[in-house]
Amino acid sequence: MQSACILKAILLGLLPSALLAHSGHEQVPISPHAESDWATRHMAEEHHISNFDPGAFFTLHDFDSSLSWSADEIRRMYGLDDESTKNVDEGKKAEVVRKTVENFDRNDDGMIERDEWLQGWRAGKRLEDFGLGPGHHGDDEYEYEIHHFEKFHDENTREEDLTHPEDIEHFRKHDEMEAAAERQEKLDSMPIVEQNIPQKFRRY
């Protein structure tokens, strides 16, 4: 869960006033009021942050630190490349990107610069909720910790207590990755046997 811890450290640096949910068996995800805008719900559900400013939100989702959001970054922010949206039509995904850009892009370059985002925010513009979920865009490790481990477990949880279906699936993926790495390591350490090289590829 190292990647999740690193991301949390970044979030704390970006958002010093953020309020993070506490781990614990009794914890339930933050549930903002239904009338909250999509960005507020995204920060609460995906990052467990209930207080943020628009500049920090932009920086957090400026994945390549270019001071602008590209179409790919907007897709990622909305979780359109996540497993949870694999059944969403590509036309719908393109619509999400197009409408988001149109809402904030003032110079018609197809991207949203930081200044454009801040100007739009001050003017009362917000990210539209397209009904596709809160926007999962972390890696598997982060998504597991933020959506499951922090909800049902805590730092005192023992390995033998991790028996939920989500726990089992998470560690099954870990086992598969480790097994694949071990197989590759064995292949990399094997010497090249000349007799196994087809005749036409041998050098004399």
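**Entry 1: one side of a helix.** I started with α5 and found that Lys93, Val96, Val97, Thr100, Val101 and Phe104 are buried (buried means under 20% relative accessible area, exposed over 50%, partly exposed in between, with a 1.4 Å probe and protein chains only). They sit on the same side of α5 because they cover an arc of only 120 degrees around the axis, the arc being that of the directions from the helix axis to the C-beta atoms. Helices (H or I, at least four residues) and strands (E, at least two) are DSSP runs, numbered from the N terminus.

**Entry 2: ground rules.** This is a predicted model, where local features need pLDDT of at least 70 and side-chain atom pairs count only at pLDDT 80 or more, while totals for chains, interfaces and linings use all residues. Residues are numbered from 1 along each chain as its sequence is written, and side-chain values use heavy atoms, with hydrogens and water left out.

Entry 3: The protein chain averages 75, and 65% of the residues score at least 70.

**Entry 4: the core.** Which residues touch the most other members of the largest nonpolar core? I noted Phe57, Trp69, Tyr78, Trp117 and Leu127, out of 23 residues. A nonpolar core is a set of buried Ala, Val, Leu, Ile, Met, Phe, Trp, Tyr and Cys residues joined through side-chain atoms within 4.5 Å. α5 gives the most to this core, with four residues.

Entry 5: Phe57 lies in helix α3 and is buried, with a relative accessible area of 0%. Leaving aside neighbours within four places in sequence, Phe57 is in contact (heavy atoms within 4.5 Å) with residues including His42, Trp69 and Leu127. I then looked at His42, which is in helix α2. His42 counts as buried because its relative accessibility is 0%. Beyond four places in sequence, the residues His42 touches include His47, His61 and His137.

Technical notes
pLDDT is the predictor's confidence in each residue, from 0 to 100.
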